Amino acid sequence: MYLFTRNGQPTGPMQLAVQRAVQFCIAEWDDVKNWLSIRTARSKSTAPATVGGKGPLSGPLKTIQRVVASVLAAGYELLTKLGMCGTNTKPPRWCKLLRDQVVRRAAGQRLVKRERQAEIDRTSQKWSEREASFTNRAKVPRLAVRSEAEGRQFIREFMEKNQPAILSNFQSQWTLINSAAVGAEAEAQEWLPKELNSAIVRVSVSESGRFDGPEPAELWGLGSQSADVLVRPPATYMFLHHFFELLQDASVSETFYLEYLALHQYLGAPVTDRIPMPAWLQASLKSSHSAGSTGDNSDTLLDHLVTNIWIGGRPTTSPLHYDDYENFLCQIVGEKELLLFPPSDLPFLYYEGRPKGVLQYSFPGNFTRTKSSVDSRGVVFGSSVNVDEPDFDRHPLYKRAKAIRVVLAPGDTLYLPAFWHHEVQSRPSDMFGGGDRKSMKLNIAVNFWFANLTAPVDEKAILGV
């Protein structure tokens with residue numbers, strides 16, 4: 001770069017280099033695409049089973065497309081600044097071709113962004129329809145805990161009794177979101193500590209936005225009479241700043257999601273220092289009480305297990321399941337809708353042993369299901385009921401379940417007791433203004449898991465495991 005600049009300005013050799021690079025991309029792209037198409041066709045007979053008929057070379061083909069498109073866009077932007085592709089002069093043919101490529105790419109990105117917004121709008125519509133039709137009008141209590149005495153009372157009245165509640169001031173001391181950086185001109189990562197950009201994170205990937213749940217056995221070649229297959233989403237690892245770039249990439253079809261990412265393992269103090277537990281909760285931890293400390297021995301002490309962060313850029317669903325942890329779920333950006341079922345509803349929710357499939361993934365957008373990867377031993381995790389479209393012929397007892405609907409807005413914290421069944425749907429919202437290339441839709445939450453205080457039902461006896 002320094003060879004082609006003088007006082008920070010491009011010189012003739014640099015202009016020529018950019019021009020030749022762009023010309024090469026345009027001239028060679030059709031040949032590269034044709035060659036890959038031929039190789040893909042030849043390999044189909046020996047290709048492993050794939051979703052949507054995608055061959056093993058479709059991934060490399062898409063990757064090269066993205067690289068070439070990026071080079072063309074960057075080259076066009078630079079050459080326009082240099083006056084070589086301006087509107088006041090008659091551009092050369094190769095420059096017109098370049099402009100056409102960039103215009104088509106921009107139009108495609110606008111279309112995908114509209115589709116992404118339509119996806120969010122459909123989620124909003126579904127929530128509105130569910131709210132209108134919901135027959136159980138029971139409400140989860142909403143309150144604030146302002147002192148250690150009120151904290152001890154909360155533990156006695158809610159945690160020891162296994163009852164959910166929404167806390168309005170749990171996050172009052174948090175500084176995770178740098179609100180001064182949130183705006184139309186903010187970079188995607190400015191709201192988080194900058195030292196996290198190079199942090200390596202585990203990212204889950206989904207075709208549909210559903211994570212952790214059953215799929216029809218036919219997708220796995222097991223036949224329509226077989227049980228559903230339990231599927232965990234595949235995971236990959238990347239730098240955090242690459243994750244945010246993928247969330248902004250309109251050409252990416254799959255859903256990337258940071259789900260239950262353990263902060264102590266991946267992001268550490270730059271995040272945990274900005275999301276402190278409230279003082280009353282800190283005072284109730286076992287770790288806060290030394291062996292020689294004095295105090296009321298009748299108070300219940302909590303055993304903190306882990307703190308997780310959840311970040312997504314598109315609507316996501318965690319299908320109906322339960323955890324054996326006490327959970328404080330803190331919504332920071334975007335909204336979550338939860339359907340809660342008490343532990344006593346377990347007999348109505350159809351937790352069944354299912355074979356477990358290993359879903360394979362390669363970037364971009366290639367998901368592979370193979371019959372040979374299915375473990376036929378029954379794994380009990382998650383309900384078989386699709387709460388959006390329940391099948392009462394298969395699950396007639398589900399009619400007797402009593403769901404409670406909760407919507408969490410930014411600043412809300414749900415205390416979700418251990419063994420309560422829950423489905424979680426997340427809807428992102430605009431993080432940085434709107435309309436410009438830096439706008440981003442995000443859903444961000446943090447949760448604290450504690451060892452369970454109660455075991456309200458004998459789930460093993462009910463499930464027969």
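**Overview: the whole chain.** Of the 465 residues in this chain, 45% count as buried, meaning under 20% relative accessible area with a 1.4 Å probe and protein chains only, while exposed is over 50% and partly exposed is in between. This is a predicted model, in which local features need pLDDT of at least 70 and side-chain atom pairs count only at pLDDT 80 or more, whereas totals for chains, interfaces and linings use all residues. Residues are numbered from 1 along each chain as its sequence is written, and side-chain values use heavy atoms, with hydrogens and water left out. The chain holds nine helices and 22 strands; these are DSSP runs numbered from the N terminus, with helices being H or I of at least four residues and strands E of at least two. Take contacts between residues at least 6 apart in sequence: 82% of them join residues at least 24 apart, where a contact means heavy atoms within 4.5 Å.

**Close-up 1: a cis peptide bond at P364.** Here F363 and P364 are joined by a cis peptide bond, with omega about 0°. You will find P364 in the loop between β15 (360-362) and β16 (366-368). For background, most peptide bonds are trans.

**Close-up 2: two tyrosines with positive phi.** Most residues other than glycine have a negative phi. Y260, although not a glycine, has a positive phi of about 30°, and its place is in strand β9 (residues 255-262). Y260 is partly exposed, with a relative accessible area of 27%. Y350 belongs to the loop between β13 (335-341) and β14 (351-358), and it is buried, with a relative accessible area of 15%.

**Close-up 3: the second largest pocket.** On a 1 Å grid over the protein atoms alone, a pocket is an open set of points where a 1.4 Å probe fits, with protein on both sides within 12 Å along at least five of seven lines; lining residues have an atom within 4 Å of a point. Of its 32 lining residues, R210, G213, P214, E215 and P216 lie nearest the centre. At least two lining residues come from each of β5 (200-206), β6 (213-215), β7 (229-232) and β14, and β6 gives the largest share, three residues. By class, the lining has eleven nonpolar, eight polar and 13 charged residues; Asp, Glu, Lys and Arg count as charged, Ala, Val, Leu, Ile, Met, Phe, Trp, Tyr, Cys and Pro as nonpolar, and the others, Gly among them, as polar.
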